[in-house]
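Please look over the sequence and the structure below. The report that follows describes a few local features in running text.

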Amino acid sequence: MVDLGNYNELEIAREVDFGVYLTSEDGDILLPRKYIPEGAKVGDKVRVFVYRDSEDRVIATNLTPYATVREFACLMCKDSTDFGAFLDWGLEKDLLIPLHNQKDKMRPGRKYCVYVYLDETSDRIVGTTKLGKYLHNDEAHREMTENQEVDLLVAGFSEIGIKVIINNRYMGMLYKNEVFRDLGMGDKLKGYIKTIRPDAKIDVTLRKPGTTGLSESNEAADKVMEVLEAAKGYLPLSDKSSPDEVYRMLGMSKKVFKKAIGGLYKEGKIEIDTDHIRLKSDE
């Protein structure tokens, strides 16, 4: 059977003016002419994504969606109506998030983390922002180990850190005082399992296990220099600044900041005053 909402390898059965029909156990499926791979002919097998078009017909495309069925993704909301919201998922037809699948009312112009699935009742591909039932943190102790390398998807932000989807299966937390770069909704990156708690909550880190605090300080120092240079050599921060001020401007803890500027001062790269730091002049 055709795997609706996913990639399928199907054979070209026949050609028509507006495309080709692909053979499948569920009947022939249209691949519009604009999506036919160059040089493909009758009898060839092609890899296509199969979904339903705006008229609810099963159709194939060689476009790459931002997510397939059974995947999490962060997608932009294009429109919101009384019955649901429509998100851009890289195809001609937008992804529907029915109203009952929305944790909060969705707004156009904002990105949301959603889970894409095939609704068994309607046989339509839809999404949901109610992620709980699709996460498996209660199985993390059996399936993962601390220090294991994992794939992360930035799924949201809180006061203490960044929410991430781990290996398309679990929800974890990346604490903000351990992040030294800007991250946005939908960013994908590698990380490591730091702790799997008894309550099934998972902490992750971007730092490879076994690395020392020195590498953390070096990364923080690079960030300080980068921001200083962008600010024309002056930042209204010092070792007397509040932790909130430091995090607001640099995205790091005050402890890490102090180590970083201490190292930069010893290297002769910056000057430290009571209320600011400044790039040291070459003169």
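## Strands, a helix and a loop

Helix 4 (residues 254-266) lies across strand 17 and strand 18, and runs at about 120 degrees to strand 17. Contact here means heavy atoms within 4.5 Å. Axes are lines fitted to C-alpha atoms, for helices over the stretch in contact, and angles run from 0 to 180 degrees between N-to-C directions. Helices (H or I, at least four residues) and strands (E, at least two) are DSSP runs, numbered from the N terminus.

This is a predicted model, in which local features need pLDDT of at least 70, side-chain atom pairs count only at pLDDT 80 or more, and totals for chains, interfaces and linings use all residues. Residues are numbered from 1 along each chain as its sequence is written, and side-chain values use heavy atoms, with hydrogens and water left out.

An open sheet of three strands has the order 16-18-17, with antiparallel pairing. Strand 16 and strand 17 (270-272) stand at its edges with a single partner strand each, so one side of each has no neighbour in the sheet. Two strands pair if DSSP finds at least two bridges between them. Two antiparallel pairs are listed here.

In the hairpin of strand 4 and strand 5, five residues lie between the strands, and D56 takes a positive phi near 70 degrees.

K232 sits in the loop between helix 2 (213-230) and strand 16 (234-235). K232 counts as exposed because its relative accessibility is 80%; exposed means over 50%, buried under 20%, and partly exposed in between (1.4 Å probe, protein chains only). The C-alpha atoms of K232 and L279 are separated by 8.5 Å, with the two residues 47 apart along the chain.
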